[in-house]
Amino acid sequence: MWIFKPAMTLAALVLAIGTMVAHADEVVVRAVVTNFDPLVAFVKPGDSVRWTNMTGHDSASIEGMIPEGAQGWHSKLGEEFVQTFDKEGAYVYKCTPHVSAGMVGVVVVGDKPGNLEAIDAALENVQEAKNMVARAIRKMKQALESKGSAS
Ligand SMILES: [Cu+2]
């Protein structure tokens, strides 16, 4: 019966990995004209976001508007892009060519982003299209309220 033990262990390992993969979702955000759809994407920690239809667009996190210690990003112009989000909180990002046209989006990881005050404070440092970034932050807060997550 000794041969069963490693076989069982392997089976358990495969099952565990399978479960991990099954739990990590990928959420798609589409670039549509000069909008990100959905403007606010809700994901769980460990999930990924895939930006599609990116011809003429990029996705770039805005300084100070991601959780402390989280990894920022700046995708290549015109290319589909995937980013995995492990740290809970809100991530505000823009399309560099179209931020003035309001092409700003938010990824919210987890149910209660703890960095909303930091995002409000960082708005003071936004040089370009501050009103459009502010609009996306408002929409995120509205979305959180309608989800019942606002504290
Ligand atoms: Cu764009």
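## Two loop residues with positive phi

Ala 129 sits in the loop between helix H2 (116–122) and H3. This is a predicted model. Ala 129 is not a glycine, yet its phi is positive, at about 55 degrees. Around Ala 129 there are 18 other C-beta atoms within 10 Å, so the residue is partly exposed.

Asn 53 also has a positive phi, here about 60 degrees, and it is not a glycine. Its place is the loop between S4 and strand S5 (60–61). Asn 53 counts as partly exposed because it has 14 C-beta neighbours inside 10 Å.

## A cis peptide bond

Asp 37 and Pro 38 are joined by a cis peptide bond, with omega about 0 degrees. Pro 38 belongs to the loop between strand S2 (35–37) and S3.

## Overall fold

The protein chain has three helices and eight strands. Along the sequence they run α-β-β-β-β-β-β-β-β-α-α.

Of the 151 residues in the protein chain, 28% are buried. Take the contacts between residues at least 6 apart in sequence: 60% of them join residues at least 24 apart.

## The nonpolar core

The largest nonpolar core holds 32 residues. Tyr 91, Val 92, Val 106, Val 107 and Met 140 have the most contacts inside it. At least two core residues come from each of strand S1 (26–32), strand S3 (40–43), strand S4 (48–52), strand S7 (89–94), strand S8 (104–109) and helix H3 (130–147). In soluble globular proteins, nonpolar side chains tend to be buried together.

Val 107 shows some of these links. Beyond its neighbours within four places in sequence, Val 107 contacts Ala 41, Val 43, Val 49, Phe 85 and Tyr 91.

Technical notes:
Residues are numbered from 1 along each chain as its sequence is written. This is a predicted model: local features need pLDDT of at least 70, side-chain atom pairs count only at pLDDT 80 or more; totals for chains, interfaces and linings use all residues. A nonpolar core is a set of buried Ala, Val, Leu, Ile, Met, Phe, Trp, Tyr and Cys residues joined through C-beta atoms within 7 Å. A residue is buried if 20 or more other C-beta atoms lie within 10 Å of its own, exposed if 12 or fewer, and partly exposed in between; C-beta atoms are placed from the backbone. Helices (H or I, at least four residues) and strands (E, at least two) are DSSP runs, numbered from the N terminus. Two residues are in contact if their C-beta atoms, placed from the backbone, lie within 7 Å.
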